[in-house]
Structures are given as structure tokens and as C-alpha cells.
Amino acid sequence: METREYNNARKLKQDKMKIDFEKLGGLVPAIIQDAVTKNVLMLGFMNQEAYDKTIATKKVTFWSRSRNCLWTKGETSGNFLNLVSIQNDCDNDTLLVKVHPDGPTCHKGTDTCWAEENTLNPILFLSELQDFINKRHEEMPEGSYTTSLFKKGVNKMAQKVGEEAVETIIEATNGNNEKLIYESSDLLYHLIVLLTSKGLRIEDVVKELQMRHDPEWDKKRRVAKSKGEMK
């Protein structure tokens with residue numbers, strides 16, 4: 001009975017994922033990505049058994065083509081790949097496996113199999129902060145400073161952004177770098193709160209900046225201005 005239930009559960013998981021193990025003779029490539037840094041760590045191969053063991057243990061397991069056997073990454077080194085999620089691609093024959101790695105991934109001791117450092121780009125935290133502020137806006141928990149800002153309304157929030165901008169200018173002209181970073185953080189946080197209240201995200205500002213980075217952006221207006229055709 002237990003075996004039947006296990007096989008049924010396995011079939012449901014496979015049907016849901018629709019993994020085509022037969023295309024490469026029983027194997028599918030598994031791209032391993034750090035769930036936090038978004039960096040690609042390595043590429044391995046899984047068969048049905050390796051996939052099932054990965055799901056069951058939450059430790060990424062591969063099929064070794066050279067040794068012709070299963071191997072769980074970290075079983076000898078202790079550098080496990082802790083499973084976060086698995087996604088299938090559009091052709092159902094390549095897996096994207098997101099993980100939390102314990103230590104370096106490569107057997108040579110490097111963070112990735114391409115000898116790259118698996119470091120987090122701090123700018124990515126802005127999206128995380130935006131998500132947090134969105135949640136505050138949705139739930140409005142009592143005792144939260146962010147909640148109190150939303151309750152004061154857009155005029156007060158805009159005023160707060162102005163105050164923080166002035167404090168940032170003061171530190172830039174008369175303060176030191178440490179205080180400048182502190183006040184700039186306050187400014188950016190309150191700007192995100194203001195944007196959120198208007199149904200916008202910090203990524204919308206980034207998209208605008210990205211668009212402006214194009215040399216062709218606003219070219220007609222700038223050319224006209226250079227010719228004195230507009231003030």
C-alpha cells in the first residue's frame with residue numbers, strides 16, 4: 001500500500017512537472033541557481049530517481065554520468081545544495097533548480113563551477129524592500145512606522161520625502177560620507193513609501209532611468225533646444 005501511494009505521488013509530481021526524461025536517454029540537465037544572489041552555480045544532470053530523491057530530501061541529487069550512479073552534492077564535502085524550488089522549461093526537458101548553498105559549490109573550492117564569486121548585488125535588496133513595504137500597505141499592522149506614514153496620507157508622505165532630501169543635501173555639503181549614506185537611505189525609503197501609496201514601485205523609476213540611458217531618448221527635444229528652437 002505504501003509503495004502504491006509513493007508511486008502515485010511520484011506520478012502526480014512528474015505529471016505536474018511534465019519532465020521529459022526520455023529525450024536524453026533518461027536524463028535532463030539541471031541548472032543550479034542561488035535563490036538569493038540569482039547567480040548560476042553549476043550544471044548537473046538528473047534522472048527520475050535523482051529528481052525523486054531531491055524532492056524527498058530537499059538536498060539536490062544528481063546522476064553522475066562518469067560514475068554511473070546517484071550522488072547528492074555535499075555528501076562528502078558537506079557543501080549541500082538545499083532545495084528551494086524546481087522549475088521546468090518550455091520544452092519540459094531542462095530544470096531550473098533554485099537553492100541555498102552550504103559553502104562553495106565547485107569541487108575545486110570555488111563558489112561556482114565557473115570560478116566566479118557568488119556574491120549578492122546589494123541593489124537587489126531594493127526589490128525586497130519594495131515587497132516588504134507593499135505588504136505593510138496591504139496589511140497595515142498597528143505599531144508599524146510604515147503604517148503610520150500611509151495613514152498620514154500622500155501630502156505628509158511627500159513632505160517627509162522633501163525633509164529627507166534637505167537633510168541629504170546638508171550632509172552632502174557640510175557633513176561626512178557616513179551621515180550622507182544614512183540620510184540618503186532615509187530619503188530612498190520614504191520615496192519608496194510615497195511611490196507605493198500611488199500604486200507604483202521603485203522598479204518603475206529604474207525603468208525610466210534605463211530608458212533615459214538610451215542615447216536616442218528625448219533626442220528630438222534636446223536637438224531642438226540646442227538649436228534654440230525651444231526654451
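Biologist: What is the relative accessibility of K23, and how is such a value to be read?
Modeller: A residue is called buried under 20% relative accessible area, exposed over 50% and partly exposed in between (1.4 Å probe, protein chains only). At 47%, K23 counts as partly exposed. The model is predicted, so local features need pLDDT of at least 70 and side-chain atom pairs pLDDT 80 or more, whereas totals for chains, interfaces and linings use all residues. Residues are numbered from 1 along each chain as its sequence is written, and side-chain values use heavy atoms, leaving out hydrogens and water.

Biologist: With which residue does the side chain of K23 form a salt bridge?
Modeller: Side chains of opposite charge can pair when their charged atoms come close. A salt bridge here is a side-chain nitrogen of Lys or Arg within 4 Å of a carboxyl oxygen of Asp or Glu. The structure holds 9 of them. In one, the side chain of K23 meets that of D93, at 3.0 Å from N to O. K23 belongs to the loop between α1 (2–17) and β1, and D93 to the loop between β5 and β6, so the pair ties together parts that are 70 residues apart in sequence. The helices (H or I, at least four residues) and strands (E, at least two) are DSSP runs, numbered from the N terminus. D93 is buried, with a relative accessible area of 15%.

Biologist: Which distant parts of the chain does the salt bridge of R201 and D131 link?
Modeller: The closest N and O atoms of R201 and D131 are 3.0 Å apart. R201 stands in the loop between α6 and α7 (202–212) and D131 in helix α3, 70 residues apart. Both are partly exposed: R201 has a relative accessible area of 23%, and D131 is at 44%. A further salt bridge joins E216 and K219, with the closest N and O atoms 3.9 Å apart. E216 is exposed at 51%, while K219 counts as partly exposed at 41%. Salt bridges that share partners also join D131, R201 and E203 into one network.

Biologist: Which residues does R222 touch beyond its sequence neighbours?
Modeller: Contact means heavy atoms within 4.5 Å. Not counting residues up to four places away in sequence, R222 touches P215, E216 and W217. R222 is found in helix α8 (residues 219–226), and it is partly exposed at 35% relative accessibility.

Biologist: How many residues make up the largest nonpolar core?
Modeller: In soluble globular proteins, nonpolar side chains tend to be buried together. A nonpolar core is a set of buried Ala, Val, Leu, Ile, Met, Phe, Trp, Tyr and Cys residues joined through side-chain atoms within 4.5 Å. The largest one has 20 residues, and I32, M46, Y51, L95 and V97 have the most contacts inside it. At least two residues of this core come from each of β1 (28–34), β2 (40–46), α2 (48–57), β5 (81–88) and β6 (95–101). The residues touched by V97, leaving aside those up to four places away in sequence, include A30, I32, M46, V60, L83 and I86. A second, separate core of 13 residues includes L126, L149, M157 and V161.

Biologist: Which side of helix α4 is buried, and what covers it?
Modeller: An α-helix has 3.6 residues a turn, so residues three or four places apart point the same way. In α4 (residues 145–152), the buried residues are T146, T147, L149 and F150. They lie on the same side of α4 because they cover an arc of only 160° around the axis, taken from the directions from the helix axis to the C-beta atoms. The cover of these residues includes α3 (125–139), α5 (154–174) and α6 (177–197). On the other side of α4, K151 and K152 are exposed.

Biologist: What is phi of K38 and of N92?
Modeller: Most residues other than glycine have a negative phi. Phi is positive in K38, near 70°, and in N92, near 60°. K38 is placed in the loop between β1 and β2, and N92 in the loop between β5 and β6. K38 is partly exposed at 45%, as is N92 at 27%.
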